[in-house]
Structures are given as C-alpha cells and as structure tokens.
Amino acid sequence: MGSNMIKNDDYGEILTRIKQIKSLFAFGEGILPFLEELFVFLKEVSPLLNDVSESIMNTTGLMPDAANELDTAVAETTDATYQIMNRVEHIMSQIDSLEMAQNPDDTEASQMLSEIRTDAMAIMTALQFHDIVSQKLVHVRKVMAEIQQKMLQLFTRVYELHIEEEIKENILTTFGVNIEKFHKIMDTKIHVDHRLTADSPAPNTEKQAPAASFNQDDIDDLFG
Amino acid sequence: MSNLFILIVDDSPTMRRIIKNTLERLGHRESVEAGNGKEALQQLKEHPINFVVTDWNMPEMNGLEFVTELRATPEYEALPVLMITTRGMKDDVLQAVQAGVNNYIVKPFTPETLEQKIQKLLS
C-alpha cells in the first residue's frame, strides 16, 4: 500500500515534470526572439540589476531616486563652486587695488601680491574639475535612464509572453521585480517606458566605440 | 594690452566664468559669452568678434556644428577658433580639425596653455 502511494506520488511528480517541460517548451518558443538580447543585456548590466529593477518598481514611472540624487549633487556642487569663485574674484580685485595703492619700489610686497594672484588663479582653474565631474554625472544619469528604459521593455515583453503565469512570474522575480506592483503598473496601463523616453534625453551616439586617447602633447604635435 | 574681442562658447556658466577670468588675467578683457552654437552665431552678428573659444558638447547646437556652420559662412572663414573640451580621443581631435577648428585644448587647461594657444593662433 505504502509502496503504491510512493509510486503514485512518483507518477504525479513525473506528470508535474512533464507539464513543466511542456511549459518550458512553450516558454522557449515565446522567448526565443529576445533571448539573445536578454543574455547580452544581463551580462552587461547584471551588477546593477537589483538596484535598478527595485528602483523602477519603487518609483512607478518616475525617474529613479538615484538620478534625482545625481541632479542634486550637480546643483549643490555648482552652488559651492560659485561661492568659491566669488571669493576668488573678490581676492583678485583686492590684489588689483593693493597693487595700485602700493609703493612701486617695494619689490617684496609686489612679489607677495604676485604670488597671491598666482595662487588665486590656480584655485580658479582648479574649479574646472567641477565642470568636468558634473558632465560625467550628467552622462551617468543618461545611462541610468537608458538602462531603466531597457529593463522596462524587457519586463513588459516577458509580461506579454503567452506562457504560464508561474513561469512568467519566476522570470520577473529573478530580475528582482515586485510582481504585485508590476501587475498593478501593467493593469493600470501606466506606460512607464514612454514617460522615461519623454523625460530622458536622446541617447548619445557621438561616441560609440572606444578610440585612441590623445593627450595635450599629441594634440600640440598635430597642430604643429 | 590686447585688441582681441573674444567669444566664449560653453554651456557651463562655471566654465565660461573660468575662461573669462583666465583671459582677463592674460590681458584679454573684451569678451562676450554664449551657451551654445546658436547663441554664438547670434553673438557674432552683434559684436566685432575676432577670436572664438568654444566647447564641443553643448545642447541645441554643439561646438562641432557651430564651427562647421561658421566655416560655411565666407565672413567667418578665417576667424580663429580654439576648442576647449573634455573630449580627448584622437578621432575627436581629427573631427574637430576637419570641421575647421584651428587649435584644440583638452580640459582641464592651465592659463599657460591657453595663452600659448592664443599666441600661436595670432602669430
């Protein structure tokens, strides 16, 4: 009796497995068109996957918090840079006034003022780093928006596949997607990707392939 | 000290201010600013500009498009253009040269490099 029960269970398990395999075939058929794209994409962005997908779900169509934080960082450092610039410009104008008022024979004072001016200019030119870093942050923000958009496209395509709900949910869960929230998003027809497309700047296609880096000396040689 | 009237084109107000300050300290006190290529073309119509310092990456009309447009206008064919940009790839420099840029500086720059390039273009 006991062994019969085990056998029945075994059959049941086999049937379940067959059902799962059948579903897998159906899944395979449906997923083939974008399977390659999916794996290439996973390979490239897997370290970011969890954070990004969670961010997408949390924000339900708004730009991710991380992007907003980058914007804030750029704005705050810009303010700080302006404050430094104001101070440096003030120092420079004070040096100008002192130079006009000083005794021309006082070479020591002239030398000192000249050094202070050089230091002030060095601070001013060092502030270029703010601009350079800001540009990099803006670029990161664009990349994030593009990744976010691609993630949503993938999730949506998985969601729209004609496969068993369980398999579909397994795939989405693997991506770290909150299924309940995602259902809500899809059911209420919030086209997050469209909003993201509208909010995000066009992808920068100016630099596609890595190219040889030039330093200033190379450039000087080029221009003679 | 200088009879240059310089047009500074950069979308970053911070960078425009740095360039302007540096130019002033180098004795070039006459300058106007523009935030992109379109604004720059407008400034060229309104001021007797005889030297241009421009960035590459800018919204609306970037530096490369601006220079290309500039070189297509007979009036500005010989106007000296110095590009100051973060783009330091060989292809970038060659592209800039093809567009008509006369010299090129990769950010961050030093006042000495800027002065040296200006002098070279004026000589």
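Author: Pro108(B) sits in the loop that runs between β5 and α5 of chain B, where helices (H or I, at least four residues) and strands (E, at least two) are DSSP runs numbered from the N terminus. The model is a predicted one, in which local features need pLDDT of at least 70 and side-chain atom pairs count only at pLDDT 80 or more, while totals for chains, interfaces and linings use all residues. Residues are numbered from 1 along each chain as its sequence is written, chains are lettered from A and ligands numbered from 1 in the order in which they are written, and side-chain values use heavy atoms, with hydrogens and water left out.

The peptide bond that leads from Lys107(B) into Pro108(B) is cis, with omega near 0°. As background, most residues other than glycine have a negative phi, and most peptide bonds are trans.

Strands β1 (residues 5–9) and β2 (residues 30–34) of chain B run parallel and are joined by five bridges, pairing being assigned if DSSP finds at least two bridges between two strands. Ile6(B), for one, has Ser31(B) in β2(B) as its bridge partner.

Turning to the partner, 36 residues of chain B and 31 residues of chain A take part in the contact, which means heavy atoms within 4.5 Å. About 2900 Å² is buried between chain B and chain A, with carbon and sulfur atoms giving 57%; this is the accessible area (1.4 Å probe) that two parts lose on being put together, summed over both. Thr14(B), Arg17(B) and Arg25(B) supply 23% of what chain B buries against chain A, more than any other three residues.

Three salt bridges are counted between chain B and chain A, each a side-chain nitrogen of Lys or Arg within 4 Å of a carboxyl oxygen of Asp or Glu. The side chain of Arg17(B) meets that of Glu89(A) in a salt bridge at 3.0 Å, N to O. On the side of chain B that touches chain A, at least two residues each come from α1, α4 (90–99), β5 (103–106) and α5 (111–122), and α1(B) gives the most, with eight residues.
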